[in-house]
Amino acid sequence: MTEVPERGVPEDFAGEYQSLVAQVEEHRRRYFELDAPTVSDGEYDSLERRLRAMERDHPELAGQSSPTLTVGGVRSEMFEPVEHLERMYSLDNVFDQDELRAWARRVEGVLGNFPPMLCEPKVDGLAVDVVYREGRLVSLATRGDGRTGEDVTYNAQFILSIPTRLEASDLAGPPPGLLEVRGEVFFPVGTFNEINANVMEQGRTPFANPRNAAAGTLRQRIDRRLTDVAAARHRRDEAQAAGRTVDRIEGRLARLEADTERASTQLGGLQLVVHGIGARTGFDPQAQSESYAALASWGLPTSRHIRVHATFDDVVAYIEHFNKHRHDVEHDVEHEIDGVVIKVDSIADQGRLGATSRAPRWAIAYKYPAEVVTTTLEDIRVNVGRTGRVTPFGVMSAVRVAGSTVQMATLHNASEVERKGVLIGDRVFLRKAGDVIPEIIGPVVEARDGSERAFVMPTTCPECATPLAPAKEGDADIRCPNTRTCPAQLRERLFHLAGRGAFDIEGLGYKAAVALLECGLVTDEGDLFDLDGDALATCPFFTRSTSQGPQLSANAGLLLEQLASARERPLWRVLVALSIRHIGPTAAQALARDLHTIEELVRAGHETLAAVEGVGPIIADSLIEWFAVDWHRAIVDRWRAAGVRMADETPESAGSAVLAGVTVVVTGTLVAMTREEAQEAIASAGGKTAGSISKKTDYLVAGAHAGSKLAKAESLGVPVLDEAKFAQLLAGGPSALT
């Protein structure tokens, strides 16, 4: 087995690690940014657990960009940004009692005993941050990346469960001057089922789970809808005053009003449950349960199912109880439950335990196992993705599992179909792994009657008739090699580049991408930024009929407006938009941070690219292979010519490179900023952060509870800085310390 000389990591192990990082980042993007996951929670959890295990075996692999160190999600630029007053974290997961007991022992190791634990059902919803000042609501924001979320305050007025004003109470007195609370917005079980029934009646794809339904609903631009209604009313009034016919305007107005009413009603169906506190003044609870009681007394909705338990066995009993009753309407469970959250109740003890870069050490989520049902596999079909991968999927008799109705499930590739041994017409076991994405486990062999038939993988692309083949020898995936002109790949790439993790072009949805291709307005994504009003006017999808003849529709105006904004996106978003295999937001951000321009990236050799933290040899190979293709480079050239930004400002050009060439490690708990904020400050000053101490480390910044890194720094003679010295370093560089 060959090893990488510099790090001593087996080459095949490092390759698997980089591939796994790319997969996890892509699944995160689909889940948090697109609200459209393609794998189950269970599958994602397995990938992330494997990633953590690999990093435990080889800690040197885990750079600051590792998904295990970050909170999933990227803020959409469709909304104004909101900086959270305190960092919002994700939660680490456990899946059985042994893992839960191991977490509890780690807690006991720090605190010296098993502390009282607060337990509450885990809500399948969207995490939000709500801020009140002097008892009045001032902002509602999504979690985003944990530091910056999307400002959806306007929509709060439609959500009746979010109080706009907090009231004084006998229990806790008046609300504090500043109160930041964390919670989940969700749809009650009945409301979610009604929404999906309505969606399917309209011939649209139902929401995969309540979380995606809540996210899609909360992120609606109701303000834009109301503006469109007001404009339509104004046009109607002008037409009436002029004596013109208003039938068409009235028809459009009626549709706009109905859509707006439906959207606002759907928002009104959302509920909030508060499960945490952030920044506050004049409010100093001693326990999580005490804070919940105060929040409820001021009018904030908290869970009715919160319990504090003194023993591990009592915690386990609580978990088992809600696993049994998770779908019982009679048991007063108002939302979908995908597990139980266990928290150390004492806030002082929470501070002692601290947090990693992505999750508190004082809380854990116990996730329930998947549920299994049986249904009939009516057919197996295939679709073609943006990289040409041809994926079989099962079409099943509709069946309810884990709280929602399921009709389709991915089968990954032909080998997987063969491995599972399923035939078309089989009765199959189906589970909703992680309560999100359905998965066919295998056939009920005893139920076969001889009418079943085997699935035959197509040999040509169903969209362009190109012969299919593996991308390389031994690859289990079959791909369409017609990457440039295959309609399916073009359609998926256009849809991908418009996503929240790329150019974030709301006006370029799936139907718009199809229309651009069918009308011949784009031959590939290189044409996108050359679109103008005259071109869109030739495509019926982007026009509307008026008494003066066809006019550009509102979605055409939105597309053109957002294309103009997309030209100014940072370089990392451009890299994601290019659909380069394995390049997700994390790798793209690392490349943009180190190389700054597309020209530097193209000129960089394999060694330079692979050395970028968070990239590695597999992604480096993928980049070089992509840019070696003439028509790929032509896309970049056409985007550049159309004004798309292809470079980022460097710290040097911004005049802030006081830490150029300096490597800093941050450990422990800082007072003035979080560890992540400290690392960002170092990068902004031109420095580099690392996750471990070595002879190449220039400084260690040590906060409270610094631990083993402090001891290692002292043994290696690495200078150790307290928070005051760190501030001097950021302001003036190493010379400021002498």
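## The parallel sheet

S21 and S22 run parallel and are joined by two bridges. Helices (H or I, at least four residues) and strands (E, at least two) are DSSP runs, numbered from the N terminus. Two strands pair if DSSP finds at least two bridges between them. In this predicted model, local features need pLDDT of at least 70 and side-chain atom pairs count only at pLDDT 80 or more, while totals for chains, interfaces and linings use all residues. Residues are numbered from 1 along each chain as its sequence is written, and side-chain values use heavy atoms, with hydrogens and water left out.

The bridge partner of Val-664 in S22 is Thr-689. S21 and S22 belong to an open sheet of four strands. Its order is S22-S21-S23-S24, and the pairing is parallel. Strand S22 (688-689) and S24 are the edge strands, and each pairs on one side only.

## Strand S23

Strand S21 (residues 663-667) pairs with S23 in the parallel sense over four bridges. Val-665 has Leu-700 as its bridge partner in S23. S23 also runs parallel to strand S24 (residues 720-721), joined to it by two bridges. There, Leu-721 is the bridge partner of Val-701.

Which way do the residues of S23 point? Tyr-699 and Val-701 point one way from strand S23 (residues 699-702), and Leu-700 and Ala-702 point the other way. All of these are buried. Buried means under 20% relative accessible area, exposed over 50%, and partly exposed in between (1.4 Å probe, protein chains only).

## Helix H7

Helix H7 covers residues 247-268, 22 residues in total. At 1.5 Å a residue it should span 32 Å, and its end C-alpha atoms are 31 Å apart, which agrees. The expected span is 1.5 Å times one less than the number of residues.

Leu-253, Leu-256, Thr-260, Ala-263, Ser-264 and Leu-267 are buried in H7. They cover an arc of only 95° around the axis, which puts them on the same side of H7. The arc is that of the directions from the helix axis to the C-beta atoms. An α-helix has 3.6 residues a turn, so residues three or four places apart point the same way. The face turned away from the buried side of H7 carries the exposed residues Asp-247 and Arg-255. The cover over the buried residues of H7 includes helix H5 (210-218) and helix H6 (222-241).

Val-246 sits in the loop between H6 and H7. Is Val-246 buried or exposed? Its relative accessibility is 13%, so Val-246 counts as buried. Not counting residues up to four places away in sequence, Val-246 touches Arg-236, Ala-239 and Gln-240. Contact means heavy atoms within 4.5 Å. Val-246 and Ser-547 are 301 residues apart in sequence, yet their C-alpha atoms are 9.0 Å apart in space.

## Nonpolar cores

The largest nonpolar core has 58 residues. Those with the most contacts inside it are Phe-503, Ile-505, Leu-508, Leu-591 and Trp-639. A nonpolar core is a set of buried Ala, Val, Leu, Ile, Met, Phe, Trp, Tyr and Cys residues joined through side-chain atoms within 4.5 Å. Among the helices that each supply at least two residues of this core are helix H12 (487-497), helix H17 (585-595) and helix H21 (630-641).

Ile-505 touches Leu-497, Ala-498, Leu-528, Leu-559, Gln-562, Leu-563 and Ala-566, not counting residues up to four places away in sequence. A second, separate core of 37 residues includes Ala-156, Ile-222, Ala-263 and Leu-272.

## Single residues

Glu-180 lies in strand S7 (residues 178-186). With a relative accessible area of 0%, Glu-180 is buried. Residues touched by Glu-180 include His-84, Asp-129 and Gly-276.

Glu-134 is not a glycine, but has a positive phi of about 50°. Glu-134 lies in the loop between strand S4 (126-133) and strand S5 (136-142). At 61% relative accessibility, Glu-134 counts as exposed. His-412 also is a residue other than glycine with a positive phi, near 70°. The loop between strand S14 (404-410) and helix H11 (414-420) holds His-412. His-412 is partly exposed, with a relative accessible area of 22%.

## The whole protein

The secondary structure comes to 24 helices and 24 strands. Of the 738 residues in the protein, 51% are buried. Among contacts with a separation of 6 or more, 68% are between residues 24 or more positions apart.
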